[in-house]
Amino acid sequence: MPNDRFIIPANFTLIQSLQLLFSIVANHCENYKKQKNEHLNDPHKLKKLFKKLDYLLWYMNDGLHRIEKHYHEGGLT
């Protein structure tokens, strides 16, 4: 992941922030989908792929939480 946590760029609207988070997660999913066939026959690589997917899910949930908190505190939701 490019960052450990999702960072909301300054002056982004709620929609732009959600689109950015979606784009990051979707791109990583596509990359992992392309790697899937390589990992299916190797348990060690399959375990690494599982960890990557688990981290991506955490990243998405954390990003949604940050967006919700950021825009709720700003009175925009």
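The structure holds three salt bridges, where a salt bridge is a side-chain nitrogen of Lys or Arg within 4 Å of a carboxyl oxygen of Asp or Glu. Keep in mind that this is a predicted model: local features need pLDDT of at least 70, side-chain atom pairs need pLDDT 80 or more, and totals for chains, interfaces and linings use all residues. Residues are numbered from 1 along each chain as its sequence is written, and side-chain values use heavy atoms, leaving out hydrogens and water.

Here are the pairs:

| Salt bridge | Closest N and O atoms |
|---|---|
| Asp62 and Arg5 | 3.3 Å |
| Asp62 and Arg66 | 2.8 Å |

Asp62 and Arg66 sit four residues apart in helix H2, about one turn of the helix. Salt bridges with shared partners tie Arg5, Asp62 and Arg66 into one network. Helices here are DSSP runs (H or I, at least four residues), numbered from the N terminus.

How open are these residues? Asp62 is buried at 11% relative accessibility, while Arg5 is partly exposed at 39% and Arg66 is partly exposed at 29%. Buried means under 20% relative accessible area, exposed over 50%, and partly exposed in between (1.4 Å probe, protein chains only).

Now for the helices. H1 and H2 pack at an angle of about 175 degrees, with axes 11 Å apart; axes are lines fitted to C-alpha atoms over the stretch in contact, and angles between N-to-C directions run from 0 to 180 degrees. That makes H1 roughly antiparallel to H2, a label for angles over 145 degrees.

Key:
Helices (H or I, at least four residues) and strands (E, at least two) are DSSP runs, numbered from the N terminus. Angles under 35 degrees count as roughly parallel, over 145 as roughly antiparallel, 65 to 115 as roughly perpendicular and the rest as oblique.
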